[in-house]
Amino acid sequence: MTTGVDAGLTTRSPRRGLTAAGTAVMVVGLVAGWVVVYSVGLMGALWRFREPDAPAPTLSMGDQLADLAFGAAQVAVGAVAIATVYFARRRRLPAVWPTRRGTAREAALTWCAAIGAASASLLVLSRMDVVRFSFSVPASVESDWLAVVSALAVGLREEPILVALPVLLLVGRLPIWAIMALSATMRGLLYMYFGGGGFLWALCWGAAAVWVFYRYRRLWVLIAIHALVMNIQVLDRVIPSDNAATVLQWVNILILFSALLWWLTPRALEAFLPNTVAVRYGDATVETSPMVAEVVLNPEKLDPDESRREPPVKP
């Protein structure tokens, strides 16, 4: 005889199977679409990975315009895909996606910190000859300005499809760590033109990008940072100065590692000073010791002579 519990399990099992199959189809479709949309970049990355000493390509004006047209198509595909998925899931998303938290500044600093941590780790591994990371020689181009536009548009070409689309499509169907792993792997393969180290480098900050979008829900922050921070060196092509490349590289380093320091400092203090408490005073949150917290919560204690000048008030 079938019990009520057994009957319930029997009726729910097919639905679970259909849900798992549907999720698998979505993942396969997402990966297949990624292969098509990024086919040119993927083939170029794999070719450079196999031929790291190959000479830099030479791009004519027609090649550059074709690249920009292909990039515009990627942006259009990403926008249409995101709008379609959001429209289809707009009623379901609030139940499976946590409420947006934090500010745009926090999102920017968090992702910059992740990029800085990935870069520092890669530098150590590269120095130890654990992985190969070699900057590819910049392509020779006919128009420097078109090269700058193409580089600064890379955030628009990558972040919507590699971050926003996987989250919108798979959140609630897969755990966030699985979405991060899938997106980061796709991102890492596109950066294999730097070598195996390039794959690991992009894998780390690519996973962080998904988490930042999942928590802070500000896609434009990821797009802006990818363009203006990660690719700031491209402005060397149009700045008439022999020292521009060095200056821009140091700007990039200072931004990333300052963000990393900002992110690590409060966590390090909390680890070494576990008795600190967070005191909200006005609009600011201040990390203080218990003694300082008492002073903040009782402003009259800021002046130890206050009680001497004024007699106590009788109740």
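Okay, let's start with a term: a nonpolar core here is a set of buried Ala, Val, Leu, Ile, Met, Phe, Trp, Tyr and Cys residues joined through side-chain atoms within 4.5 Å. Buried means under 20% relative accessible area, exposed means over 50%, and partly exposed is in between, with a 1.4 Å probe and protein chains only.

Quick housekeeping. What we have is a predicted model, where local features need pLDDT of at least 70 and side-chain atom pairs count only at pLDDT 80 or more, while totals for chains, interfaces and linings use all residues. Residues are numbered from 1 along each chain as its sequence is written, and side-chain values use heavy atoms, with hydrogens and water left out.

So, the overall picture. The protein chain has 13 helices and four strands; those are DSSP runs numbered from the N terminus, with helices being H or I of at least four residues and strands E of at least two. Of the 315 residues in the chain, 34% are buried. Take the contacts (heavy atoms within 4.5 Å): among those in the chain with a separation of 6 or more, 75% are between residues 24 or more positions apart.

Now the core. The largest one has 59 residues, and W111, V167, W201, W205, F213 and L222 have the most contacts inside it. Which helix gives the most to this core? That's α9, residues 196-216, with eleven residues. Zooming in on F213, and leaving aside residues up to four places away in sequence, F213 touches W97, V163, A164, V167, R218, L219 and L222. As general background, nonpolar side chains in soluble globular proteins tend to be buried together.

Next, the second largest pocket. On a 1 Å grid over the protein atoms alone, a cavity is a set of points where a 1.4 Å probe fits but cannot get out, whereas a pocket is an open set with protein on both sides within 12 Å along at least five of seven lines; lining residues have an atom within 4 Å of a point. This pocket has a volume of about 230 Å³, taken as the space filled by probe spheres set on the points, with grid points joined across faces, edges and corners. Its lining includes T103, R105, E106, W211, R215, W262 and R267. Helices α5 (104-127), α9 and α11 (244-272) are the elements that give two or more residues each to that lining, and α11 has the largest share, four residues. By type, the lining residues split into five nonpolar, two polar and four charged. Here Ala, Val, Leu, Ile, Met, Phe, Trp, Tyr, Cys and Pro count as nonpolar, Asp, Glu, Lys and Arg as charged, and the others, Gly among them, as polar.

S143 sits in the loop between β2 (140-141) and α6 (144-152). Is S143 buried or exposed? Buried, because its relative accessibility is 13%. Beyond four places in sequence, S143 touches M61 and Q64.

A95, in helix α4 (residues 93-96), is exposed because its relative accessible area is 61%. A227, in helix α10 (residues 219-228), counts as buried because its relative accessibility is 7%.

C112 is buried at 5%, whereas C204 is partly exposed at 45%.
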